[in-house]
Amino acid sequence: MLSNTTIDPLVINFPMLIQAFSRGRKSGSLLELTGVGTVTINTLALFRIFSELEIERSRRKFDPSSSYAKRWAAKEACSKALGIGLRMGISWKEMHVVNLKSGQPELIIEGKAKYFLEKMTPRGFSTKVSVSLTDDYPWAKAIVIIEGIA
């Protein structure tokens, strides 16, 4: 897919301004606000943070930095909704945003992040992960809600 593609450095600003955080026994949610605009991120870092699908989709956008910022905010919000932040060996790429044909974002959780999702899920419950992304320059925002469903 992108193995032979070079990506120019992007200008993205990522101050992590947490607006609200709530984590209960049966659910977790977080709203994450991220800035768009001033920090250069190189190609190596880009591939460490974003999946190939996220990179491919963002590069096609009129404003790639806004797309990356929304996805970054979703990863931050998800890790905090899981109650772990980015520690305990969690990788950025274990949480990635894909879009359904309708354009609706969907958050995919894999690897150790999925282990923590399963660990926080009460016995007898399944989980539903919802994500909403928006931006209004200079801000990008993601809301991640993890619900326990009986």
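The buried residues of helix α4 (residues 111–120) are A113, F116, L117 and M120. Seen down the axis of α4, these buried residues fall within an arc of 105°, so they line one face of the helix. Here the arc is that of the directions from the helix axis to the C-beta atoms, and buried means under 20% relative accessible area, exposed over 50%, and partly exposed in between, with a 1.4 Å probe and protein chains only. On the other side of α4, E118 and K119 are exposed.

The model is predicted, so local features need pLDDT of at least 70 and side-chain atom pairs count only at pLDDT 80 or more, while totals for chains, interfaces and linings use all residues. Residues are numbered from 1 along each chain as its sequence is written, and side-chain values use heavy atoms, with hydrogens and water left out.

The predictor's confidence in each residue is given as pLDDT, from 0 to 100. Its mean over the chain is 75, and 72% of the residues reach 70 or more. Confidence is lowest in strand β2 (residues 17–23), at a mean of 27, and highest in strand β6 (residues 105–109), at 95. Over residues 1–29 pLDDT stays under 50; for this stretch the model has 93 contacts beyond four places in sequence, a contact being heavy atoms within 4.5 Å.

The chain has 4 helices and 8 strands. Helices (H or I, at least four residues) and strands (E, at least two) are DSSP runs, numbered from the N terminus. In order from that end, the elements run β-β-β-β-α-α-α-β-β-α-β-β. Of the 150 residues, 41% are buried. Among contacts between residues at least 6 apart in sequence, 60% join residues at least 24 apart.

Helix α3 (residues 64–81) has 18 residues and spans 26 Å from its first C-alpha to its last, close to the 26 Å expected at 1.5 Å a residue; the expected span is 1.5 Å times one less than the number of residues. In α3, 17 of the 18 residues are buried, so the helix is largely enclosed by the rest of the structure. G83, with a positive phi near 85°, follows α3.

K75 lies in helix α3. This lysine is buried, with a relative accessible area of 0%. Leaving aside neighbours within four places in sequence, K75 is in contact with I49, F50, E54, W92, K93, M95 and H96. K75 and M95 are 20 residues apart along the chain, and their C-alpha atoms are separated by 5.8 Å.

E54 also belongs to the buried set of helix α2 (residues 52–59), together with I55 and S58. Viewed down the axis of α2, this set falls within an arc of 100°, so the buried residues line one face of the helix. They pack against α1 (43–49), α3 and β5 (95–99).

Strand β7 (residues 126–136) and strand β8 (residues 139–149) run antiparallel and are joined by 11 bridges; strands pair if DSSP finds at least two bridges between them. β7 and β8 form a hairpin with 2 residues between them. Within this pairing, S132 stands opposite I143 in β8.
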